Amino acid sequence: MPFSDLRALHAVIGQAIDEIEKVYKSQNPALEYPSLDIPYYSSQKHNPDIDKAEELKLDPAVFSAANGIVAACGQLTATVHKPFFQLVEIMNAPNITALLHFVEQTNIPEMLREAGPAGLSTKDIALKVAELREATPGATKVDIDPAKLGHILRLLATYHWVREVAPDVFASNRLTSFIDSGKSLKQLKEAPQKKYDETDGVAAFVGMSGDEVIKLMSHLTEWLLNGGLTTNATNGLALRLAFDTPLKYYEWLEEPGNEWRLTRFGHAMNGTRYWEVAENIIHGFPWTELPKDSVVVDIGGGIGSVSVILSQAYPHLKFVVEDRAPVVAIAREVWGSKHAELFDSGRVTFHAQDFFDEHEPFEVPGVGTVSQPSVFLARAVLHNWPDKDVKVILSILRRAAGPHTKLLLVDNLLPYACIDDKSELNSSSQGAVRSLVPEGSPLLPNLGKASANGYILDISMLGLFDAKERTYREMDQLTQSAGWKITDVKRAVGSLWAYTTAIPV
C-alpha cells in the first residue's frame, strides 16, 4: 500500500476526532469525551454533564465520525499488523467470547462495580465467586485458583473489557459497566435466577451468545458442508449438531428444561435494542400521521421492548405485541414493575399469535375487535427465517391487511463491500446505496470494521436459522413476491439497520 493511502487513513481519523471535538466543545459548558477508564452505569444518577457527554456519543455527527475512526483503524490494522498475528486473533476469537461469558456467569462485573476504582485482587474475586456459587441452586462447588482468574482477566484487559490497575488487581471500566446487570451482590445471592429481571438485557445477551450461539457456531462448517449450503438446507439446522435436537430454535427454547433459556432469550432481545438508536425507530416511520387509537401490531415482538419505546413516544397509539403463547405467557412477569402503566392502561397489550398461522381478529382495550390494523411492525423478525418462510409470513400479513395497512420492516439492509454501480438502475431501488463513504475515501465502501457487527449477525442468523440479513434487492424481491411494494426506506444513523415501509398491492 502506498504511503499516501496510509496517510489518507490517518487523515480520516484526525478529521473525525476534530468533528467529535467540535460537537463536545460547542456545549455550554464545553465537555470532554467520556473516558474508557471510567465506568458509566446507566441505572445510576450522575452529574448532568456526565450524562450529557454520554448522550452526545449518539449525536449523528459524533456517531458518523466515530464510525469513520473505527473503519480507518480497522483498515490500518489490517494493513500494518503481521498477518500471522491477525490470523491468531481471528481464529481464536472464541476465546474472548468464552471468557466474556465466564465473567458474566460469575458476576465479576457486579463485583468490580461494588469494589470501586481500587478494584479487587484475584484472591478476593475468587472468594466472592465461590460465595455466590454456593448460593446458586444446582451450581457445582469448585476450588478456584486465583492465578487462573488473573490469566482470564488479563486477556480481557488486553481487549479493554476490564482494567488491571496493579498486578493481579482488576477494576471496571466503561466496557465492563456495559455488561453489568446493575444488580447488587446481595440481590444476586438471594435470587440468582432473577439476575436479568428489570435490566437492560445486555448481560442476558452475553449469556445467550456464550451459550447456544457459540456452541452451534462451532458446528457451522460441518453443517454447511453436509447440506447447509443448499438454497434450503437439507440437513436441518446447526442447532441439531450442537444440542442433538431436530427442532427449530424457538421450538427448542420452549422445551421442558429450557425455561431459563427462554426467559433469558426474552431479556437478551431487549438488550439487542442497542443495535440501533432508540430515536431511529421513533423517527423511522411517520407515526404522528396515524389517527388516535390506531393499532400497531408488533409481530414476533417478544416481550414488547420496541412497542414500549414507541408507546412512550406516541401515547395516542395502541400497540399489540404478538408472539407464540409461551413467550406471551411470561412477558409481563419479565418486565416486573417496569412500565406497568403502559400495560395496565391497555396502550401495550399481548396477544398469542403464531405468524405462520392465518392472522385472526383480536380485541384491543378501548378499541374493540380489530381485523385490519393500521401497521404491521416486524422488527428483527424476517432475518430469523429463510426466504421460503419469509414469503409465507409476508403473504399471511398481506391477506390480513386492509387497503390502508402499512408494513414496517426493521432489519439490517446490508450494503456490498464494494461500490455498487447498479444502485440507481431503477426507481424502485431507493434502498440500495452506491457506497456508505464519500467519493474518493480510502475506506471500504461498507465502512469495514465499523459495519462488521451487521455481517457477523448475518452469519449468526445462518447458523441459528438457515436465514440471513438481506441486501435491499433481496428484501425488495421478497416483499414483491408476497404482494407488498416498498415505498420508503430510512436508514438508521450509524448502523446498517433500516426502516422499510411497504404497502399492499
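A: Let's start with serine 42, which counts as exposed because its relative accessibility is 54%; exposed means over 50% relative accessible area, buried means under 20%, and partly exposed is in between (1.4 Å probe, protein chains only). This is a predicted model, in which local features need pLDDT of at least 70, side-chain atom pairs count only at pLDDT 80 or more, and totals for chains, interfaces and linings use all residues. Residues are numbered from 1 along each chain as its sequence is written, and side-chain values use heavy atoms, with hydrogens and water left out.

Serine 42 sits in the loop between α1 and α2. Such names come from DSSP runs, numbered from the N terminus: helices are H or I runs of at least four residues, and strands are E runs of at least two. From serine 42 to alanine 72 there are 30 residues in sequence, and the C-alpha to C-alpha separation in space is 29 Å.

The loop between α1 (3–25) and α2 (48–56) also holds proline 29. What kind of peptide bond joins asparagine 28 and proline 29? The bond is cis, with omega about 5 degrees.

Leaving aside residues up to four places away in sequence, arginine 113 touches Tyr41, Gln44, Ser172, Asp180, Gly182, Lys183 and Ser184, where a contact means heavy atoms within 4.5 Å.

Now look at asparagine 107, in the loop between α5 (93–105) and α6. Asparagine 107 is not a glycine, yet has a positive phi of about 65 degrees. With 10% relative accessibility, asparagine 107 is buried. Aspartate 168, another non-glycine, also has a positive phi of about 65 degrees. You can find aspartate 168 in the loop between β2 (163–166) and β3 (169–171). At 32% relative accessibility, aspartate 168 is partly exposed.

Next come the nonpolar residues. In soluble globular proteins, nonpolar side chains tend to be buried together. A nonpolar core here is a set of buried Ala, Val, Leu, Ile, Met, Phe, Trp, Tyr and Cys residues joined through side-chain atoms within 4.5 Å. The largest one has 89 residues, and Tyr249 and Trp287 touch the most other members. Apart from that core lies another, of 24 residues, including Leu100 and Ile179. Not counting residues up to four places away in sequence, the contacts of tryptophan 287 include Ile281, Val296, Tyr314 and Leu408.

Grid points are joined across faces, edges and corners, and a volume is the space filled by probe spheres set on the points. The structure holds four cavities of 30 Å³ or more, and the largest cavity has a volume of about 60 Å³. Among the residues lining the largest cavity are Leu414, Asp420, Thr471 and Arg491.

Notes
On a 1 Å grid over the protein atoms alone, a cavity is a set of points where a 1.4 Å probe fits but cannot get out, and a pocket is an open set with protein on both sides within 12 Å along at least five of seven lines; lining residues have an atom within 4 Å of a point.
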